[in-house]
Amino acid sequence: MLTRMSGNRGIIRAAGYVPYRRLDRSAIAKTFGSGGGRGTRAVAGFDEDTTTMGVEAARFALRGGEVTADALWFATASPAYLDKTNACTIHAALRLDTDVPALDFGGALRSGIGALRTALEANGTTLVVASDTRNGLPTSGDESAGGDGAAAVLVGSDDAGPVIAELIGAASATEEFIDRWRAPGSPRSKQWEERFGETKYVPLGDRAWNAALKQAELSPGDVNLLLVTGMHARAAKALAGKLGAVNAASADDLTATVGNAGTAQPLLALAHALESAAPDQVIALVVLADGVEVLLFRTTAAIAGYRPARTVASQIAGGADLPYGKFLSWKEIVTLEPPRRPEPDRISASVSGRTEEWKYAFVGSRDRSSGALHLPPTRVSRVGDTIDDMEPAPMADIEGTIQIITIDRIAYSPSPPITFAIVDFDGGGRLPVEMTDVNADDLKIGDRVEMTFRKLFTADDIHNYFWKARLAPGVGE
Amino acid sequence: MASKGIKDQVAIVGMGCTKFGEHWDKGADDLLIESSTAALAAAGIAKDDVDAYWLGTAMGAPSGLTLARPLQLHDKPVTHVINHCATGSETIRNAAYAVASGAYDIAMAIGVEKVKDSGYQGLVGAGKPPTDGTNRTLTAAAMFAMCAPAYGNKYGVSEEQVRETLARIAWKNHYNGARNSRAQFRREVSMETICGAPLMAGGLGVYDCSGVADGSAAAIVVRAEDALRYTDTPIYIKALSLVAGNCSGNADPDYDYTHFPEIAAAGRDAYAQAGITDPRRQLAMAEVHDCFTPAELLIMEDLGFAERGAAWKEVLAGTFDLQGELPVNPDGGLKSFGHPVGASGVRMAFEAYLQLRGEAPAERTIAHADRGLALTHNLGGYPGEMVSFVGIWGNELG
């Protein structure tokens, strides 16, 4: 049993990332005659994985803030790599200092909420990133109910930055039982008969709930907003009805729009809830994942002034439909005929090491004497020919304008055709960049774009991460 | 530019050129033997008479052994050169400079490419160095496709007019290629077919892109003063220029994709070497690098064949047709020949050699051969980052 929280530790910033594409669940039954359901699910682009989505969520969380993390923890049940630490890629994309550790919490769905809880109960300022892609065989419940997404929560104390939601209680209940499992490398999860899991989750939830309330010295009626998440939807619903939070509104668990993003789900839904939360509200987060975690927060006055660089709500409102055939291709359920072009070679570790700032963080160089911007960075200026008189020019958060567009129908791509645009960045600098999250025919000269971290291809099991551009949201989003 | 040039110091006295096409039954060795044998015969010499060889291949095994083995050369220097799509022209440039230096009396420049063994669509680059994976993944077609709308926007040429202009270039080159027994494609293609072809990249259809072919071509170069010992009709080298750009175009917001500064620079240098002041009226013909139709359009302006913003009108007016004021790609160009990278530049010089010697067949004879000067041009790379070669050839000294 935890001791009473000191009250000044909690969430400093939080943001979610919802990929651009949506599968209309009704498309599944139209193809196979069964499966699917109502609403939509979010689908990671063919050029996204849990690492790239984690980068995007972390960028939304950190952008515009003064606080920087002194630790980065990354949790996913769908890691891009085993053995190699995926958090290091996020660390590089965020340009965190070398002395900031980057650690993976891997494998289980519980690792996301576990990382958040551990950060809340630890010291220092920790950026917790959770990300997941959820797959299933065609017509399965996991295929339609699952969702892809990520969230990032910056955890720390008031002395690091104003806490927008302080932790006031936390409890856990753990038990070994077989409910949901997946063999490493398998394209699908499996689940035991649902009723059995429900008989386990509900009493565990009740136990953790009461312990957390007691620690916070609250009664169920003091909770203003209740958020119950978990892959076992039936048990989550049953538990929510038994908690006695009679005065609490139910927070949107995003399953109707995003789907259940597994490891990321509790953090993503919490980030969404915080976007519209008022000060001095008690928020209860109850997470069912091989046991039950309960976190109780009280929002502070600082939340009134907090808004992430991009809200989850605006990302849900945006987005575009993805045909079911493309979904099946992107999820590697079906394989489409590739262009008759050579597949790319694996990238070089040593070259990538030398160009880390460019490749992972999109940092160019600016010539001090002429001001000319170089993308990629160079040592000799194209204007004035000065040598080694350059300063780093971080461009990941700089928007640009499309000058020319070209669609390549013959180049190799995991999802052809490739669309490139010549982009002139605000304040100088030009680069031909690959466009993503857009139908090529919708692009026009003059469109505003922003950079996004993506996976270009995979060769020899090495993922080639770099930056692409997507349309910038309109003014006001 | 500080090129002094070697005007009238070196002459081509014999050339050979294979048919270009899908030579499923021939390897690079066969093509090299065929073109070199023809070139030696044209000069009336044997392979042992050749003091040194320059071999161009961009996709073949990168050493002189690629030539020495199939030709069974004994104790001869063979230099492998490669410079993107200017590789073929580089063989002549380097062999000519070696002869001009006095180091050798007779040299052979020979280019070859065996492209069709890769099994892929389009050109496949040579062995590439390991990278960080951040390089562009676009094909050349997609890069050159950007030039068409950029040109139209800059000069107020409508999308339809740009389309017609590009089609006219493809139409012209196929018209010429239909009259060339060495061409890969020997069929005229209608404007309607060209405009209605499946899109490859941007607004470029199949007929806006050069073909893919195997081929080889070779030239024998000697000192100009010795030339008449080998032929009555030598072709004298008037200028050889090469520019490797600094690749800043794609990083420079001032670059607008409507011109190729590397080509303009190479052209200026070559004209200065050759003493040409009015290329459109002094040249009898030009072979230019029509890898994609927008490239040929922009080259017309970069090489001074048309005013800036006016080349599209000249194209439509037929200025560059076979019987036009300045025939461009009278042999059919890359459009009809495909582009075996190492051979293309030498193939272009071969057309200049034929036309200036009056040996082109009647159906392909140009109107102003009496001007006595021809230009060949290659670009290698992409808009914003390319090498460019310009050579000028003449049938008389002085």
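**A helix pair in chain B**

Tutor: Happy to! H5(B) and H10(B) are oblique to each other, because their axes cross at roughly 45°; angles under 35 degrees count as roughly parallel, over 145 as roughly antiparallel, 65 to 115 as roughly perpendicular and the rest as oblique. This is a predicted model, in which local features need pLDDT of at least 70 and side-chain atom pairs count only at pLDDT 80 or more, while totals for chains, interfaces and linings use all residues. Residues are numbered from 1 along each chain as its sequence is written, with chains lettered from A and ligands numbered from 1 in the order in which they are written.

H5 of chain B covers residues 147-155 and H10 of chain B covers residues 293-302, and their axes come within 9 Å. Here an axis is a line fitted to C-alpha atoms, for helices over the stretch in contact, and angles run from 0 to 180 degrees between N-to-C directions. Helices (H or I, at least four residues) and strands (E, at least two) are DSSP runs, numbered from the N terminus.

From H5(B), the contact takes B:Cys147, B:Ala148 and B:Tyr151, and H10(B) answers with B:Pro294, B:Leu297 and B:Leu298. Residues are in contact if their C-beta atoms, placed from the backbone, lie within 7 Å. By class there are six nonpolar residues here, no polar and no charged; Ala, Val, Leu, Ile, Met, Phe, Trp, Tyr, Cys and Pro count as nonpolar, Asp, Glu, Lys and Arg as charged, and the others, Gly among them, as polar.

Now for the surroundings. Across the chain boundary, 31 residues of chain B are in contact with 34 residues of chain A.

Within chain B, the domain assignment, which is automatic or from a database, gives domain 1 (10-116 + 214-232) and domain 2 (140-208 + 236-394). Their centres, taken over C-alpha atoms, are separated by 24 Å, and 36 residues of domain 1 are in contact with 31 residues of domain 2. On the domain 1 side, H3(B) gives the most, with seven residues. By class, this side of domain 1 of chain B has 19 nonpolar, 13 polar and four charged residues.

Definitions and conventions
Contact = placed C-beta atoms within 7 Å.
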